[in-house]
Amino acid sequence: GKSKIAEDRLWSIRTIQNLCSDASSKVGLATGSLLSLLSACAMRKDYEEQLAAVGALMNLATEPGSIVPLTNTKTVVATLVHLAHSPNTPAPVRKTACDSLA
């Protein structure tokens, strides 16, 4: 999220996305700082970075124990709503954002 090198950020977010796919890790990973970081990455202009960040949020959103941290982190819901409704959002990112909100 904070690296100035786009490729480093992308691989970091993809790693987080993979970790968030493990059911036993979801609740522990749904922290305010990580969720804020994923939200910031989802708002970047790089398509791959957006897709990985929204994919990680989607993985977390499928765990009932992660819903409270997701909704309590202001930037998460606002980011997902923005990406879901913006005509500038690439279709796969938009769909994943919509699915995350469902």
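This is a predicted model: local features need pLDDT of at least 70, side-chain atom pairs count only at pLDDT 80 or more; totals for chains, interfaces and linings use all residues.
Visitor: What about secondary structure, how many helices and strands?
Guide: There are 7 helices and 0 strands. The radius of gyration is 12 Å, close to the 13 Å from the globule rule for 102 residues, so the chain is as compact as a globular protein of that length.

Visitor: Let's zoom in on helix 6. Which of its residues are buried?
Guide: Those are Val-76, Thr-79, Leu-80, Leu-83 and Ala-84. They span an arc of only 125 degrees around the axis, which places them on the same side of helix 6.

Visitor: Why would residues three or four places apart point the same way?
Guide: Because an α-helix has 3.6 residues a turn.

Visitor: Nice. What do the buried residues of helix 6 pack against?
Guide: They pack against helix 3, helix 4, helix 5 and helix 7. On the other side of helix 6, Lys-74 and His-85 are exposed.

Visitor: Changing topic: where does Ala-102 sit, and is Ala-102 buried or exposed?
Guide: Ala-102 lies in the segment after helix 7. With a relative accessible area of 88%, Ala-102 is exposed, because the cut-off for exposed is over 50%.

Visitor: What separation do the C-alpha atoms of Ala-102 and Gly-32 have?
Guide: They are separated by 20 Å, with the two residues 70 apart along the chain.

Technical notes:
Residues are numbered from 1 along each chain as its sequence is written. Side-chain values use heavy atoms; hydrogens and water are left out. Helices (H or I, at least four residues) and strands (E, at least two) are DSSP runs, numbered from the N terminus. Buried means under 20% relative accessible area, exposed over 50%, partly exposed in between (1.4 Å probe, protein chains only). The arc is that of the directions from the helix axis to the C-beta atoms. Contact means heavy atoms within 4.5 Å. The radius of gyration is taken over C-alpha atoms; the globule rule is 2.2 Å times the number of residues to the power 0.38.
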